[in-house]
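Subject: Structure for your review

Dear colleague,

Please find below a structure that I would like to hand over to you. The notes after it set out what was found in it.

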Amino acid sequence: MKTLLGRVLGEGHLTYEKLCTVLTRAEACLNSRPLTTLAIDPSDPSPLTPGHFLIGDSLTALPEDDVTTTPVNRLTRWRRVTQYSQQLWRRWSREYLRQLQKRFKWLKEKGPRLNVGTVVLVKEDNFPSLQWRLELVDNVFRGSDGVIRSAEVVSANRKYKN
């Protein structure tokens, strides 16, 4: 997170209040990541997050307009802080998901261990800050070599093959 903060903020000159706001939002990003499912019921994949240990519930953020692509000279001071926060969320959530999905050469086992009923974290680009899409594996599809190649996942309102 320190590296990302340095890359996102760059040479930006922030006041104490603006820097404190960006750091607080960075802390919320870190504390919103899912650790495990909260309920035993597999049809309710709500996540347990570090925020549950801090405040007793998951962290939320107010919906804001996407200003990541807006030029800096067209933003007000507050929108600039919002842009820093949104860029930080996008980069951190992508890098966090990549960190979770390390791929090594399979020496003993062929393919990922994925069973029906497993809760998976689905990457979605246009998802609001501090929210993660958790879905349930409904069916797995193996290739001719017996390795799992794709899965059908289901959420509360949709079902699709990925």
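A nonpolar core is a set of buried Ala, Val, Leu, Ile, Met, Phe, Trp, Tyr and Cys residues joined through side-chain atoms within 4.5 Å. Buried means under 20% relative accessible area, exposed means over 50%, and partly exposed lies in between (1.4 Å probe, protein chains only).

The model is predicted, with local features needing pLDDT of at least 70 and side-chain atom pairs counting only at pLDDT 80 or more, while totals for chains, interfaces and linings use all residues. Residues are numbered from 1 along each chain as its sequence is written, and side-chain values use heavy atoms, with hydrogens and water left out.

Overall composition

The protein chain has 4 helices and 6 strands. Helices (H or I, at least four residues) and strands (E, at least two) are DSSP runs, numbered from the N terminus. Read from the N terminus, the order of elements is α-α-β-β-α-α-β-β-β-β. Of the 162 residues in the protein chain, 30% are buried.

The cores

The largest nonpolar core holds 17 residues, and L5, V22, L88, W89, W92 and W132 touch the most other members. Helices α1 (2–9), α2 (16–31) and α4 each supply at least two residues of this core. The most come from α4, which gives 7 residues. Another core lies apart from this one; it has 8 residues, among them L114, V120, V140 and I148.

Which residues of α1 are buried? They are L4, L5, V8 and L9. These residues lie on the same side of α1 because they cover an arc of only 115° around the axis, the arc being that of the directions from the helix axis to the C-beta atoms. The buried residues of α1 pack against α2 and α4. On the face turned away from the buried side, α1 carries the exposed residues K2 and R7. After α1 comes G10, whose phi is positive, near 55°.

The aromatic pairs

Rings of Phe, Tyr and Trp (its six-membered ring) pair if their centres lie within 6.5 Å; planes under 30 degrees apart count as stacked, over 60 as edge-to-face and the rest as tilted. By this rule there are 4 aromatic pairs. One of them joins W89 and W132 edge-to-face, at 5.3 Å centre to centre and with 70° between the planes. This pair links distant parts of the chain: W89 is in helix α4 (residues 77–100), whereas W132 is in the loop between β3 (119–122) and β4 (133–142), 43 residues apart. W89 counts as buried because its relative accessibility is 7%, and W132 is also buried, with a relative accessible area of 13%.

W92 and Y96 form a stacked pair, with 5.0 Å centre to centre and 10° between the planes. Why are W92 and Y96 separated by about one helical turn? The reason is that they are 4 residues apart in helix α4. An α-helix has 3.6 residues a turn, so residues three or four places apart point the same way. Both W92 and Y96 are buried. Ring pairs link W89, W92, Y96 and W132 into a cluster.

Contact means heavy atoms within 4.5 Å. Leaving aside its neighbours within four places in sequence, W132 is in contact with residues including S32, R33, P34, L121 and F127, as well as W89, W92 and Y96.

Yours sincerely
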